[in-house]
Amino acid sequence: MVFQQYSLYPHLTVRQNLEFPLKSPLLRTPKDEIERKVRDVAEVLRIDHKLDNKATALSGGEMQRVSIGRALVRNPSIYLMDEPLSSLDAKLRAELRIELKRIQAQSGATLLYVTHDQVEAMTMATHVGVLDHGRLVQFGPPREVYENPVSIYAATRLGQPRINLLPASVFAGAPEGARTIGLRPEHIVQGEGEEGSVVRVERLGDQTRLHLDFKQHQIITVTDPHTPLKAGDMVQIRPRNAYYFDAAGARIV
Amino acid sequence: MMLSPAVVGNFWTFLYQPQIGLFNYVVGFLSGTDPSGFSMIGEVALAPWAIVIVDTWMWTPFVMLICLAGLRSIPESIYEAAECDRASKWRQFWTITIPMVLPFLMLAVLFRGIENFKMFDLVVQLTGGGPGSTTELTSINLKREAFEKWRTGYASAYAVILFVTVFGLASIYVKALNKVKER
Amino acid sequence: MARIEIRNLRKEFGDFTAVQSSSFVIEDGEFFMLLGPSGCGKTTTLRMMAGLELPTSGEIFIDNQEVSQKRASERDIAFVFQMFALYPHVNVRKNISYPLVSQGMKRSQVTERVAEVSRILGIEGILDRPVSGLSGGDRQRVALARAIVREPKAFFMDEPLGALDAEFREHMAHELRSLHDRMGATTVYVTHDQLEAMQMGDKIVVMNHGVVEQFGVPQDIYDWPATMFVADFIGSPSMSFLRFEGAVEQGGTSVELGGISVEVPRLLEDAQGPLALGVRPEHIHFDDTATYRGQVIATEYLGTTQIVSVDTPHGALKARLSSEQPTRVGDAVGLRLDKRTLTVFDAGSGRALISEANREVLGHG
């Protein structure tokens, strides 16, 4: 189990922290075996040069790696991780995401990972379970959950910027019983269809987000990073591959 | 605060000595009167004040420590916010410092209040309850009733009433304190 | 409202120099971002502008008035703190009215202003509640209300969204930005979150180790970073670097990567020694005919796009591709880099070499 807070033993060195689970009397691991395992894990997590530091003398990222390492040395059949990356800064999080995924792929172990960060869920998982008030509403590979959400709730969990939800009557062509239309920002074609006005242009570098006012509804869509559009301009938009949801929020296929 | 009240009492009897006492000397020097012309513990009008002075001297550090803890508990950013909100130092003191230290001040008053009900050794050493019965505090009075006059029944009842009174007053006070803290 | 100018601002704490000679201009009505990693001096800079810290040397002009040695209360500014710094012992209404009462406004007028501001922020319903029971978002709104109620010359905000959770943060960021759009007040905002800075800012200053690394509009900083630090700090994933030893000369239009020539915008200066070719993830395309090659080491699915990590002889690259494009770990791929978007860096100093493409952005120095 890896906790959100590092939960290291502060009075021990990194090596002692890593050895701790192996020294459990139930396991009776031989000394050189312990030595070898700690070294391997430390290498994988790139903390081998810090093995003799006190746990408290590490940076946040290093502490988290040690706490992951402590779970790894034992080769358990299942790893339980509770938002292990949430307390790290963005750069390190991106690095450890790949690292964790690599470790998982290499060891072939089962990893149950709790997160509220959709990027973590999408990038690391082989399967994602979406929970809504304790109920599992959808389960499947990230791509399936993203491209084929079963409900409004599942559709809003993944996707950045978030899916646009509008009354189904805003656009023509809604199927019978549809109450809400869900449009991912990339599912909005520009240059044809009906007109909306640009409220704000948000330039993020790799993409530019357009905040549109469309028939009194807020729509966010993405466009070319160097778009000449500015606030006040008019843009024609048309939905493509929209999702329709009924009054209870369930998907209509 | 660090000394036993009995020791402090003993000590101050020397300071209050009309002929050789430092206290009388300093007061006489500052006011231009005769230092041996008054006796702090021998005169009915002065004896209560003699106790007040010693008690204040003895417990000021304690109250100060509590206040300091209170002052330290106010985050610096609150003052910075007030500074940006264009509050003068005077207004900062009245609208931030005082209300935020108030619970601590009240706590100090509570501790000192309870303690003063049971004040005994200091006064016994200093004035012995005299002159006459001028400084005979409840606790001294109680002790005399019980162990000098041997009116045990009366003394027991007295003690119980004292306990109930202190307990009652303290409870009311703590309620008020919690109300201040909740704000 | 006001224009703010900073000239050669410097702050030392004992032996430690927190801010080294910063200079920049904040135009009237701008939403201005101070961006950098923790400990880079951005908060110190902000606090000096607000008057909570006095500079060691340098000048600060608010509305063409030199204020660097004046106290915060003399500058007519408002500050929003990271932990909000609400007055905990009084209720919401008194928190908001505090700055008005401080400057001696009439009671009837105070009531009117508080009502108006609380309507703008949608907190009319909680005016009589104590602040201790409020949620993070409501605390944030109260702190904002307290800041805008006095209509100061400028707002200073020190990571005001840092204490909120991720989902709500995005919501508040929008709220804050639309509040700014409505009021048009000069705002200086400190953050370490590059996405927040790109999303909300009209202009960004990127700081590192007390030094201003770059100053400009978000898109320019993203496209044409002045230093490798900026290139690495902005963008998610950030710019990838292909490091190599070599020489380039003025007028050159390509660099040699292990014997393979890669086209770059025409360079306007010479350089040699350790160099780095910087490329943004979305400017890398997989093309089997390309001569520069690498091997896929990881893929990350992100919905519409995927991030593919590629190992090359000159370091790892991250490419942003459409999710539709099939990629498998272990594949050998040809890499075509969009030549119009590349930046060559002097890897020793970290500085970007001036080329025809970035001349306009970096040309002045």
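**Close-up views of a three-chain predicted model**

**View 1. Chain C meets chain B.** Here 23 residues of chain C are in contact with 19 residues of chain B, where contact means heavy atoms within 4.5 Å. This is a predicted model, in which local features need pLDDT of at least 70, side-chain atom pairs count only at pLDDT 80 or more, and totals for chains, interfaces and linings use all residues. Side-chain values use heavy atoms, with hydrogens and water left out; residues are numbered from 1 along each chain as its sequence is written, and chains are lettered from A in the order in which they are written. Together, chain C and chain B bury about 2000 Å², 53% of it on carbon and sulfur atoms; buried area is the accessible area (1.4 Å probe) that two parts lose on being put together, summed over both. On the chain C side, look for C:Ser73, C:His89 and C:Tyr98, which lose the most area to chain B and together make up 31% of what that side buries.

**View 2. How the chains are arranged.** Two pairs of chains touch, and the most contacts are between chains A and C. Chain A and chain B do not touch, and their nearest C-alpha atoms are 24 Å apart.

**View 3. Two packed helices in chain C.** Helix H2 (residues 92-102) of chain C packs against helix H3 (residues 107-121) of chain C at an angle of about 125°, with the axes 10 Å apart. Helices (H or I, at least four residues) and strands (E, at least two) are DSSP runs, numbered from the N terminus. Axes are lines fitted to C-alpha atoms, for helices over the stretch in contact, and angles run from 0 to 180 degrees between N-to-C directions. H2(C) is therefore oblique to H3(C), as angles under 35 degrees count as roughly parallel, over 145 as roughly antiparallel, 65 to 115 as roughly perpendicular and the rest as oblique. C:Arg93, C:Ile96, C:Ser97 and C:Leu100 of H2(C) make the contact with C:Val110, C:Arg113 and C:Val114 of H3(C).

**View 4. Backbone details in loops.** A cis peptide bond with omega of about -5° joins A:Gln160 and A:Pro161; A:Pro161 sits in the loop between helix H7 (152-157) and strand E5 (164-167) of chain A. In chain C, the peptide bond from C:Ser236 to C:Pro237 is cis, with omega near -5°. You will find C:Pro237 in the loop between helix H8 (228-233) and strand E11 (240-248) of chain C. C:Phe84 is not a glycine, yet has a positive phi of about 75°; C:Phe84 lies in the loop between strand E6 (77-80) and H2 of chain C.
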